Amino acid sequence: FSTIIFNMINILYFLIVYVVTINAISSSSTSHTSINTSSTQPNSTTTSSDTATNTPTNTQTNTQTPNFVMAIDGGTESIRACIFDTRTGLPLHPPISTPYPTHHPSPGHAIQSPSTWYASLCNSARSSISNATKTLGYDVTPYITGVCVDTTCCTVVFLDDDMAPLGDESMIWMDVRSKEECQNIIAMG
């Protein structure tokens with residue numbers, strides 16, 4: 001049963017990341033032509049600006065289209081996002097970190113809010129896209145070809161039959177309220 005819940009949580013998390021990323025991309029993107037910048041295409045020597053979209057346009061025929069990946073790291077204290085150039089491995093901007101609180105309503109308890117995680121994820125993803133766009137001078141969203149996600153583990157989000165969270169509190173890895181029960185199980189051998 002716990003494996004099913006854990007797998008459901010992972011599926012839900014990846015669906016949330018997918019939806020948030022798509023929403024963030026959709027809310028900030030416009031149609032663009034192929035682009036070329038010296039920061040993403042070092043062999044290029046000639047570019048011009050398309051004033052209608054403020055997107056650099058390619059004046060050479062043998063250059064590569066930029067290829068970026070968004071990295072998302074969900075940790076105990078915040079969700080961080082950054083966009084990287086896949087050709088150089090370098091970040092396009094400093095990582096964006098959106099913090100969220102851990103609540104300790106009783107000794108041994110450590111809980112966080114899934115809705116706060118979601119809001120923090122949206123903020124970090126959108127801010128990452130905005131910063132990368134400002135850094136390069138054109139909208140990077142059409143060139144984000146992948147999303148990488150890592151998170152802290154062992155967080156349980158209870159779901160109803162429609163996969164909606166039951167309540168807005170989730171125990172995180174540092175919650176030790178079951179310490180006595182664990183000690184009793186260990187003592188039984």
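Select Ile-83. Leaving aside neighbours within four places in sequence, Ile-83 is in contact with Phe-68, Val-69, Met-70, Leu-90, Pro-91, Leu-92, His-93, Ser-128, Ile-129, Ala-132, Val-140 and Ile-144. Keep in mind that this is a predicted model.

**The core**

Now colour the nonpolar core around Ile-83. The largest such core has 22 residues. Those with the most contacts inside it are Phe-68, Met-70, Ile-83, Val-140 and Ile-144. Which elements give two or more residues to this core? They are E3, E4 and H2. H2 supplies the largest share, six residues. Nonpolar side chains tend to be buried together in soluble globular proteins.

**The sheet**

Switch to a cartoon view. Find the open sheet of four strands, in the order E5-E4-E3-E7, with mixed pairing. Its edge strands are E5 (96-99) and E7 (144-151), and each pairs on one side only. On average, neighbouring strands of this sheet are turned by 15° against each other, direction ignored.

Select E3, residues 68-74, together with E7. These two strands pair in the parallel sense, over seven bridges. Pick Val-69 and look across to E7: the bridge partner there is Gly-146.

Move to E4 and E5. These strands run antiparallel and are joined by four bridges. Click Arg-80. What is its bridge partner in E5? The partner of Arg-80 is Ser-97.

Stay on E5 and show its side chains. In a regular strand the side chains alternate between the two faces of the sheet. Along E5, Ile-96 and Thr-98 point to one face and are buried.

**Ile-79**

Next, select Ile-79. This residue is found in strand E4, which spans residues 78-85. Is Ile-79 buried or exposed? Its relative accessibility is 3%, so Ile-79 counts as buried. Show its contacts, not counting residues up to four places away in sequence. Among them are Ile-72, Asp-73 and Gly-74.

Draw a line from Ile-79 to Asp-150. The two are 71 residues apart in sequence and 9.9 Å apart in space, C-alpha to C-alpha.

**The helix across the sheet**

Select H2, residues 114-136. This helix lies across E3, E4, E5 and E7. H2 runs at about 30° to E4. Look along the helix as you turn the view. An α-helix has 3.6 residues a turn, so residues three or four places apart point the same way.

**A pair of rings**

Select Tyr-138 and Tyr-143. The count of aromatic pairs comes to one, and these two tyrosines form it. The pair is edge-to-face, at 6.3 Å centre to centre with 85° between the planes. Tyr-138 counts as buried because its relative accessibility is 2%. Tyr-143, at 8%, counts as buried too.

Select Cys-148. Its relative accessibility is 43%, so Cys-148 counts as partly exposed. Now select Cys-182. At 38%, Cys-182 is also partly exposed. How many disulfides does the structure hold? The number is zero.

Finish at H3, residues 179-187. Of its nine residues, the number buried is zero, so H3 lies largely in the open. H3 is followed by Gly-189. The phi of Gly-189 is positive, near 85°.

Key: Residues are numbered from 1 along each chain as its sequence is written. This is a predicted model: local features need pLDDT of at least 70, side-chain atom pairs count only at pLDDT 80 or more; totals for chains, interfaces and linings use all residues. Side-chain values use heavy atoms; hydrogens and water are left out. Buried means under 20% relative accessible area, exposed over 50%, partly exposed in between (1.4 Å probe, protein chains only). Contact means heavy atoms within 4.5 Å. A disulfide is a pair of cysteine sulfur atoms within 2.5 Å. Two strands pair if DSSP finds at least two bridges between them. Axes are lines fitted to C-alpha atoms, for helices over the stretch in contact, and angles run from 0 to 180 degrees between N-to-C directions. Rings of Phe, Tyr and Trp (its six-membered ring) pair if their centres lie within 6.5 Å; planes under 30 degrees apart count as stacked, over 60 as edge-to-face and the rest as tilted. A nonpolar core is a set of buried Ala, Val, Leu, Ile, Met, Phe, Trp, Tyr and Cys residues joined through side-chain atoms within 4.5 Å.
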